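Here's a quick look at one protein, with the sequence and the fold side by side. Have them open while you read.

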Amino acid sequence: MRNDAEELLNDLLRRWHIRCVSTPPTTGYYTSNPACKLYRVSRQHDDMNGALDSDQDGQVLEAVGFAIDQMEQPHKTAVEFNARNLATGVAVWRSPRLPADEIERLHLLMHARAKLLILLERAGVA
């Protein structure tokens, strides 16, 4: 069961990082007309076109981002760089904020991932 939790966490971190990178930063201008902001489009066919699935994935990834933002340093940095390495598939990204010693860095990452898993379990994600 522990392997399943680790694989789930790896997948969530990888998808979260890809979403963060692909989402453009805000420009400071409105992205929608304030007069029409409360308008909702009919969702009667969303189960056929996959929109409900993408909405659910978006909510899960937002919860992951919120949980990461709640973490304290250096655990937050360790998780963010772990997500970046998982997204690229190669462990090449390192932060100067993390310990230079590999064993210390892996120990910190292990504790950071455990804390994140607890936060995600509290949020009902994992």
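## An arginine over two rings

Start with R84: its charged end sits over the ring of F81, 5.1 Å from the ring centre. That charged end also sits over the ring of W93, this time 4.9 Å from the centre. Keep in mind that this is a predicted model, so both distances come from predicted coordinates.

What about rings paired with rings? A search through the whole structure turns up zero aromatic pairs.

## The largest pocket

Next, the largest pocket, which has a volume of about 290 Å³. It is lined by 13 residues, and the ones closest to its centre are N85, A91, W93, R105 and L109.

Which elements give two or more residues to the lining? They are α4, running over 75-88, and α5, over 102-123. The largest share, five residues, comes from α4. Sorted by class, the lining has eight nonpolar residues, two polar ones and three charged ones.

Mean pLDDT for the protein is 83, with 75% of the residues at 70 or more. Among the elements, α4 has the highest mean, 94. At the other end is helix α2 (residues 46-49), whose mean of 63 is the lowest.

Conventions: Residues numbered from 1 in each chain as written. Predicted model: local features only at pLDDT ≥ 70, side-chain atom pairs only at ≥ 80, totals over all residues. Heavy atoms only, no water. Phe/Tyr/Trp six-rings, centres within 6.5 Å; stacked < 30°, edge-to-face > 60°. Lys NZ or Arg CZ within 6 Å of the ring centre and 35° of its normal. 1 Å grid on protein atoms, 1.4 Å probe; cavity = no way out; pocket = protein on both sides within 12 Å on 5 of 7 lines; lining within 4 Å. Points joined across faces, edges and corners; volume = space filled by probe spheres on them. Helix = DSSP H or I, 4+ residues; strand = E, 2+ residues; numbered from the N terminus. Nonpolar A, V, L, I, M, F, W, Y, C, P; charged D, E, K, R; others polar. pLDDT = per-residue confidence, 0-100.
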